[in-house]
Amino acid sequence: MSELSELYQEVILDHNKSPRNFRKCETCNHDAEGYNPLCGDHIFVYIDLQGDTIKDISFQGSGCAISKSSASLMTSILKGKTKQEALEMFNKFHEVVTSRIGSEQDLSSLGKLAVFSGVRDYPSRVKCASLAWHTMISALKEEKSASTE
Ligand code: ZN
C-alpha cells in the first residue's frame, strides 16, 4: 500500500468519496465509454456541447479511486469551458502525468489537477488518471470509445 498511500492525497480522497457530476446526463449530445484493462476502470463520459461550449459534463462507471477522482475533477473543471480549452487542458494534464518537464507554472495553472503529478512515478497509475480525459476527448470527437491500451 505504500505506493498508493503516497498518491492518495486529500483531494483525491475527497473526490473519490463524493464524486462531482457523477450521473447520467439525459440531455447530453456527446458520450463515450472508456476502459482501462490494466486496472479495470470502466467509465462513461457525457457531454452537452452547445456550439463550442461544454454546457454540461458528467460521468458514470466504476474504477479505482484515482480514475474516479480524476473524472470528478475533470468534470468540475471543464463545465463551461470551450472545446478548445478542453483540448488544451487535456494536453497540459497529459504532460503533467507523463513527463517530468512540467514546470511550476504548468502545475499552478492546473490548480487541483496538479495533485495527479504524483502518478508520473507509477506508469500503471498514469492510465487510471488519464482515462477520463481520453474518454472526454473521444466523446468530443464522437469516437464513442476510448481505451488506455
Ligand atoms: Zn485504476
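A: Donors are N, O and S atoms within 2.8 Å of the metal, or 3.2 Å for Na, K and Ca; water is not among the atoms, so sites may look incomplete. In sequence, the donor residues of the zinc ion follow the spacing C-x1-D-x22-C-x63-C. The model is predicted: local features need pLDDT of at least 70 and side-chain atom pairs pLDDT 80 or more, while totals for chains, interfaces and linings use all residues. Residues are numbered from 1 along each chain as its sequence is written, and side-chain values use heavy atoms, with hydrogens and water left out.

The protein donors of the zinc ion are C39 (SG), D41 (OD), D41 (OD), C64 (SG) and C128 (SG), and they lie 2.2 to 2.6 Å from the ion.

For accessibility, buried means under 20% relative accessible area, exposed over 50%, and partly exposed in between (1.4 Å probe, protein chains only). D41 is buried at 0% relative accessibility, and C128 is buried at 1%. C64, at 15%, also counts as buried. C39 counts as partly exposed, because its relative accessibility is 33%.

Other cysteines form a disulfide, that is, a pair of cysteine sulfur atoms within 2.5 Å. The structure holds one disulfide. C25 and C28 form it, with their sulfur atoms 2.0 Å apart. The link of C25 and C28 is right-handed, with 85° about the S-S bond. C25 is buried at 4% relative accessible area, and C28 counts as buried at 15%.
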